[in-house]
Amino acid sequence: MQIKTEEKKLYPLTTVAIQNKVTECFKMMSVDEKRILIMASPIARNMDATEQDRILISAQQFAHECGIKVNSAYKQIESASRKLVDRSFSYTNEKGKKVYSNWVIDATYEDAGVSLRFTEVILTMLKILDKYNPYTRYKKDLVLKLKKDYSIDFYHLSKKHQNLGAFEMTLDEMFIELGLPDSYRDLRNLKRRVLNSSLDEINQFTDITVTYTVIKENRRVVGFKFLIESKQSKTINNEGRDQHTPDLFFNMTEAQLNMF
C-alpha cells in the first residue's frame, strides 16, 4: 500500500496510536479482543514490526494491565486471539476506495501467553503516524480500565474528535460502526445498555468527560451529538506571588498555557 509519509511520530509504550483510516476500529469485538489490539499497538510501533515478527501478549501482563486475575487471563487471551484471527475490518485507501482486510495473520499459544502476527496493512496503520496519515492516540492505561462492552469504542471515537469538542452519529451510523444488535433499536434499551453505561465509565476512569444530546427530525430521534470535555487543567502555583499583581494566566486555555 503506497502511502505518502513524513518523519514518523514516535510515542512511548504507554501510548496507543492508530491511523484514522480504520473507520470501524473495534466493530463487534469483545472487550478482550479490543484489549489485545490496544496492548499490541505500541509494541508493534516501537519494534518496527513486520509480518514476520510475533508480538507476545503475556497472561501476566494482560492480567496486570486489565485488572483481572492471572489464572483467568490465559483463557481470555486465547479465546480473544482466536476470534481476532477470523476478524476483518474496513478502511479507505488513498484512492477513496473501501478495502476489507484481516487484523491478524496467526496466533501462537506460548507458555507465557499468545504471540500474534499482524498483517502489513495493520502494521502500517499502527506505525506510520504523520500529517499525511491522521491518527488517534491515547494513554494505554486509561483505556484498559474500561470494561463495558462499548466503552472502548466510545472512548476511541471521543479521542478521535476531541480537538473538535464534539461529534455526531446518526442511529444508522452507530449501528454500523459499533455492530449493534437489533435489540438496541429500542431507544430506552440503547441509552441504558450502550450510551449511559459506556459514558458513565468513561467519565469515571478516563481523562475526558463525554455527554450527549439527541438529534430529532419531526420529533423523531435520528441520532446523537456527543460533547467532549478534557478533565486536564493547569494550575499556577501562587505561593509567594504578590497578590496585588494581576494573574495574566487566569482563565487561559490549556493550549495557551502550553504556548507560554
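Predicted model: local features only at pLDDT ≥ 70, side-chain atom pairs only at ≥ 80, totals over all residues.
Biologist: Is Asp153 buried or exposed?

Modeller: Start with where it sits: Asp153 is part of helix 6, residues 151–160. The cut-off for buried is under 20% relative accessible area. Asp153 comes in at 4% relative accessibility, so it counts as buried.

Biologist: And which residues is Asp153 in contact with, leaving aside its neighbours within four places in sequence?

Modeller: Contact here means heavy atoms within 4.5 Å. With those sequence neighbours set aside, the partners of Asp153 are Phe26, Lys34 and Leu178.

Biologist: How are helix 6 and helix 8 oriented to each other, roughly parallel or roughly perpendicular?

Modeller: Helix 8 spans residues 187–205, and its axis is 9 Å from that of helix 6. The packing angle is about 70°, and the perpendicular class runs from 65 to 115 degrees. The crossing is also right-handed. Helix 6 and helix 8 are therefore roughly perpendicular.

Biologist: What is the make-up by class of the contact of helix 6 with helix 8?

Modeller: From helix 6 you've got Ser151, Phe154 and Tyr155. They meet Val194, Leu195, Ser197, Ser198, Leu199, Glu201 and Ile202 in helix 8. Sorted by class, that contact has 6 nonpolar, 3 polar and 1 charged residues.

Biologist: Now helix 1 and helix 4: at what angle do they pack?

Modeller: Helix 1 covers residues 31–46 and helix 4 covers residues 120–127, with the axes 9 Å apart. This pair is roughly perpendicular, because its angle falls in the 65 to 115 range. The value is about 85°.

Biologist: How many charged residues are in the contact of helix 1 with helix 4?

Modeller: Ser41, Ala44 and Arg45 in helix 1 meet Leu123, Leu126 and Lys127 in helix 4. By class there are 3 nonpolar and 1 polar, and the charged count is 2.

How values were computed: Residues numbered from 1 in each chain as written. Heavy atoms only, no water. Helix = DSSP H or I, 4+ residues; strand = E, 2+ residues; numbered from the N terminus. Buried < 20%, exposed > 50% of the residue type's maximum accessible area, 1.4 Å probe, protein only. Axes fitted to C-alpha atoms, helices over the stretch in contact; angles between N-to-C directions. Parallel < 35°, antiparallel > 145°, perpendicular 65-115°, else oblique. Left-handed = near helix turned anticlockwise from the far one by under 90°. Nonpolar A, V, L, I, M, F, W, Y, C, P; charged D, E, K, R; others polar.
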